[in-house]
Structure formats: structure tokens, C-alpha cells
Amino acid sequence: MNIHIFDHEEQLYKEAARRIIDLVQDHPKAVLGLATGSSPLGVYKELIKSFQNHHVTFEQVTAFNLDEYVGIPSDHPQSYQTFMRNVLFHHLNIDLNNTYIPCGNKEIIEDEIKRYDKLLSAHAIDLQLLGIGTNGHIGFNEPGTPFDCLTHVVKLDSRTRKDNARFFDHLDSVPTHAITMGIDSIMKAKEIVLIATGEKKASAVKAMIRGPIDPIIPASILQKHPNVHIYLDHQSAKDL
Ligand code: GLP
């Protein structure tokens, strides 16, 4: 694991974004794995800046998102579909037809799982961006998820729902389930960039990097990935 620890968040986001920008400059048809949550926001701002300054173009890039809530419409203000359009896609020249986010419509969920896995097996992800949950989850692969799983529906951990309640009016409005890319697909990415900031991530970060590789901390499997870069601030790295 390549661990990068920064004094200033701004520098952290710049350096993490640099990996994506370099990749897309060298490979204009790169396939990116993208994440939601607050952790990647600084990276997305850097990508947008770089695009606006004509340093990089996303015209031919394909993007796969990790996950989506189940049971809220895709145009809901807190859906990951809405999030990605608002914070990134609408600010780049990426072709929306080349952006994939699993659909959380309950009625078609079984077909959606098959569709997403089929798409993933047809596209090799060059770089997967990740955050980490306070319980060590990646995507929405909650503690206990087998490392070899593919796309699946997950019942969200009560801690995850509490952590994400800040985006909703009330804890009861946070969906109870989500659809997520499996750990096996995440591990197939050629390069992984994980971002964690703030003291509340410190114990998950320690378990991911120093703990045993155990499904109880889904992110611990990243110890086995040959090309993983972890970007931390001093607060999230404080227990290492
Ligand atoms: C959500 C997402 C994850 C994300 C995690 C951490 O549950 N499904 O992909 O990594 O939360 O979010 P944040 O970056 O806001 O702390």
C-alpha cells in the first residue's frame, strides 16, 4: 500500500486528482471508477478546474459509480445519480451515455444487478476512486461482505445510515438498502485511490492498513491490491 499523508487537505486533493488527470491525459479513453460521499468532492473540484483550464478532456472517458440507494427515485435530491451530475458530470464534457450508476429501482433490481455486472465485465476499470465508511466499508460493501462478491443489494448498517443522515432531513428518511458494486469488481481495478480525512475515519483507516485482512473491515482487502494509493490527512492517519 502506498500511503500519502498531507498537512493540508487542499494538497491532498490536488495530488489525488493528479493521478486521475495524468491517466486521462495519457489514455483519453480511460475507464474511471467513481465514488460519492464527501471524501471525493475536493478531487472532483480539481478535475473540474483542470478541465476548465483546458489541461484535460473527458470527452471519451467512461465512468462507473460504485453504488446507489435502493428505494428512492434516481432524480431524488440525495440519489447518487443526482449527486454525480451536480458535483461532477455537469461540469465536465463527459458523455452522459458513458456514465454508469446502478439503478436503485426495487422493481427491476434483480435485472439491474445482472446488467451492472455485465457492463463491468466488459470494461476494465483503470482507476477506482474510493472513500471509506467509519465502519470500514467501501462502496456500500458493509462489514461481513464476502471479498469475492459482485454487484448486490445490501441492507445498510445502522452506523452507515447515521453517518449519511446529515444529507437527509431525518434519520428515518435515509434508505435502508443500497445496490453496490462488489469487492471483487473493486479489486479488479488496475489502480485504486482511497481518500480519508478527519479524526472520525482514524480507526477505520488503522484497521484497513494495520489490521488483519478480514471481511469485518471490508477495506482491509486493499492490502492485497498491487497498486493502491491511500491519501490521508494527519487526523485520519493519527492511529497509524
Ligand atoms: C457512503 C458511500 C461510500 C463512501 C462513504 C464515506 O456510504 N457509499 O462510497 O466512501 O459513504 O462517505 P464520506 O466520504 O462522506 O465520509
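This dialogue reads several features of one predicted model.

Visitor: Which residues of helix 4 are buried?

Guide: The general idea comes first. An α-helix has 3.6 residues a turn, so residues three or four places apart point the same way. In helix 4, the buried residues are I109, E112, I113, Y116, D117, L119 and L120. They cover an arc of only 160 degrees around the axis, and therefore lie on the same side of helix 4.

Visitor: Which exposed residues does the face turned away from the buried side carry?

Guide: That face of helix 4 carries E110, D111, K114, K118, S121 and A122, which are exposed.

Visitor: What covers the buried residues of helix 4?

Guide: The cover includes both strands and a helix. Among the strands are strand 3 (62–65), strand 4 (67–70), strand 5 (99–100), strand 7 (152–155) and strand 8 (177–180); helix 6 (183–188) also takes part.

Visitor: How many residues does helix 1 have, and what covers its buried residues?

Guide: The same reading applies. Helix 1 has 18 residues, 9–26, which should span 26 Å at 1.5 Å a residue; the end C-alpha atoms are 26 Å apart, in agreement. Its buried residues are L12, Y13, A16, A17, I20, I21, L23 and V24. Their cover includes strand 1 (2–6), strand 2 (31–34), helix 2, strand 6, strand 9 (191–196) and strand 10.

Visitor: Is L232 buried or exposed?

Guide: Here one reads the relative accessibility. L232 belongs to strand 10, residues 228–233. Because its relative accessibility is 0%, L232 counts as buried.

Visitor: How far apart are L232 and I5 in sequence and in space?

Guide: Sequence and space are to be read separately. L232 and I5 are 227 residues apart in sequence, yet their C-alpha atoms are 4.8 Å apart. Leaving aside residues up to four places away in sequence, L232 touches I3, H4, I5, F6, L12, A196, V205, I209, A237 and L240.

Visitor: Which polar contact does the side chain of D126 make with another side chain?

Guide: D126 is in the loop between helix 4 and strand 6 (127–130), and D126 is buried, with a relative accessible area of 15%. Its side chain makes a polar contact with the side chain of K190 at 2.8 Å. The side chain of D126 also reaches the backbone nitrogen of V31, at 2.7 Å.

Visitor: What is the phi value of H54?

Guide: This feature is an angle of the backbone. Phi of H54 is near 65 degrees, which is positive in a residue other than glycine. H54 lies in the loop between helix 2 (41–52) and strand 3. With 73% relative accessibility, H54 counts as exposed.

Methods: Residues numbered from 1 in each chain as written. Predicted model: local features only at pLDDT ≥ 70, side-chain atom pairs only at ≥ 80, totals over all residues. Heavy atoms only, no water. Buried < 20%, exposed > 50% of the residue type's maximum accessible area, 1.4 Å probe, protein only. Helix = DSSP H or I, 4+ residues; strand = E, 2+ residues; numbered from the N terminus. Arc of directions from axis to C-beta. Contact = heavy atoms within 4.5 Å. Polar contact = N/O pair within 3.5 Å; in protein donor to acceptor, adjacent residues only side chain to side chain. Expected span 1.5 Å × (residues − 1).
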